[in-house]
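Please look at the sequence and the structure below. The questions that follow ask how each description is reached.

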Amino acid sequence: MSTSALELVWSASDAAASVRNTVRLAISIVNYRSASWTIGALRSLAETMAQAPHSRVYVVDNDSQDGSSDAIALAIADNAWSWATLIRAPRNGGFSYGNNLAMRAAQSDMRGVDYFMLLNPDTRVEAGAVAELVAFMQQHPRAGIAGSRILNEDGSVRRSAFRFHTIAAELERGARLGPLSRLLERSAISFPPPDREMPVDWVSGASMIIRWQVIEDLGPMDEDYFLYFEETDFCLHAARAGWQCWYVPSSRVTHYVGQSTGATGPAALQKPVPGYWFESRHRFFAKNHGRLYAAAADAAWIAGAGLARLRAKVVNKSLPDPPNLFRDFVKASWRLRKQEVKETAAVLNPDPAAIPLPSGQQNENPPELTFSALLWEDFCTHERNLLEPGFWAVAVHRFGNWRMQVRPNIARAPLSLTYDVLNTAVRWGWGIKLDYTVKLGRRVRLWHHGGMVLGARAIGNDVHIRQNTTFGISSRKQPWAKPIIEDGVDIGCGACIVGHTRVGHHSVIGANTVVNRDVPPQSLVVGVPGKIVKSLAKDDTRPDAKLASQAS
């Protein structure tokens, strides 16, 4: 494939010129205190990028604070690498965080992106490696992700294609016993690098290309992983969405292992495994398979590692492990279990002092109008029609808020009883649930022809809400997880908006749309789950919102 693939994508021939000139590739390199290696990686990309006029490299410096960003900026300027952009991150948020910054920059700067590539700073891209990946992706439209053949510094092949982590794989990984490994061979995470292209579960993030459509389908990388397991998680979710992951050995990248993080490679065996590795591993299992599965995976590894240590004592040999690995693993597992128990207890039995009071515990009616003026405005908003159920739902809501300012409490008691009766009548009679704890703006129009559950934290001014709409919690374990609807939003009939979600001002939510992530201002959202098909908010920088939007 190599010669023909290179000619197909980035050759100087007239026949391939149209393809070469339309490839839009963004390459992300996340740097943390490894400026010399990052500059070397850029140097290895120079020839490739010179032949790719619509492609760019984004170097994200994760707040190194050691002069790395200045050194990289100087190298880019001195070498006239006009295809490279330096992004100075405000904090060291980890590998996913840095790559997500590059994703958003690419989406903003480039006129559409076809492919997004992750590249470690401590790598050297061999000739034709990037072109091979792009050519493969063009020839395999169902391939969402592809990884290079990773070489060690001495030219030997490093394992970079893997199976997903399972309980059986953790047992084999911990034990490393010949008979058990042979028995669990088909479950083992690692296997000898194949010499041909083949589909795999996941590939190393040291050199991994992603079809941009996959990013649009899945959203950004999970930033709760600081380092490690983030590419495994992303590949797993891509597979669940129907995308294939491939290993492409014709694309070759040399990896100077551990130079950028110090957590892998030969030197890593001289120091303990960092805490974030245990946290990332635990998150992968708990997030994707549940906490019980994560506990079983821990138990499997501990059992396997215990067998390995018992065998090592019998044969009087030492294990090639980092210092105190077994002890640190058990301690981390126990600590993370205790943390989960505390989090679950906090959710099921929240401390009232630790949770902000919901809107409505005091008078939350708009302060610029009196209670009677608000009722008149709401009446006009509902076309001065006393038969409009929406008007009565809003009026009862205003009354529920107004009564909270009445003092003393004994004087408020009959008003509260009246509110409870009216609120129940609205709920039972028309199926509209709008509690006084919702902070409601002015001129809110409820187009009621069916049930409405409006469990929001706040609804802004000039909002129109159609029948059968539901706002509310994403889980019974998070009863306070309610959305915020900003000014001027128009919500179609049957829409559902859940969780800690913010819908930006003057957005339109299509009928029967399910919204479960932030929506930038002036967006059009349709589908299940809701997808932003148009947005005028090009300056919106919220990760979930901007990455999903397509600027009109």
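Q: What makes Phe371 buried, partly exposed or exposed?
A: Buried means under 20% relative accessible area, exposed over 50%, and partly exposed in between, with a 1.4 Å probe and protein chains only. Phe371 has 23% relative accessibility, so Phe371 counts as partly exposed. This is a predicted model, in which local features need pLDDT of at least 70 and side-chain atom pairs count only at pLDDT 80 or more, while totals for chains, interfaces and linings use all residues. Residues are numbered from 1 along each chain as its sequence is written, and side-chain values use heavy atoms, with hydrogens and water left out.

Q: Why is the pair of Phe371 and Trp402 called stacked?
A: Rings of Phe, Tyr and Trp (its six-membered ring) pair if their centres lie within 6.5 Å, and planes under 30 degrees apart count as stacked, over 60 as edge-to-face and the rest as tilted. The centres of Phe371 and Trp402 are 5.2 Å apart and their planes stand at 15°, so this pair is stacked. Trp402 has a relative accessible area of 26%, so Trp402 is partly exposed.

Q: Which parts of the chain does the pair of Phe371 and Trp402 link?
A: Helices (H or I, at least four residues) and strands (E, at least two) are DSSP runs, numbered from the N terminus. Phe371 belongs to helix 14 (residues 371-381) and Trp402 to helix 15 (residues 389-402), and the two residues are 31 residues apart.

Q: How do you know how the rings of Tyr228 and Tyr276 are arranged?
A: Their centres are 6.4 Å apart and their planes are at 10°, so this pair, too, is stacked. Tyr228 is buried, with a relative accessible area of 18%, whereas Tyr276, at 22%, counts as partly exposed.

Q: What makes the charged end of Arg91 sit over a ring?
A: A charge sits over a ring if NZ of Lys or CZ of Arg is within 6 Å of the ring centre and within 35 degrees of the ring normal. The charged end of Arg91 is 4.2 Å from the centre of the ring of Tyr97 and sits over that ring. The charged end of Arg142 likewise sits over the ring of Trp243, 4.3 Å from its centre.

Q: Why do strand 14 and strand 23 stand at the edges of the sheet?
A: Two strands pair if DSSP finds at least two bridges between them. The open sheet has four strands in the order 14-17-20-23, with parallel pairing. Strand 14 (439-440) and strand 23 (502-503) each have a single partner strand, so one side of each is left without a neighbour in the sheet.
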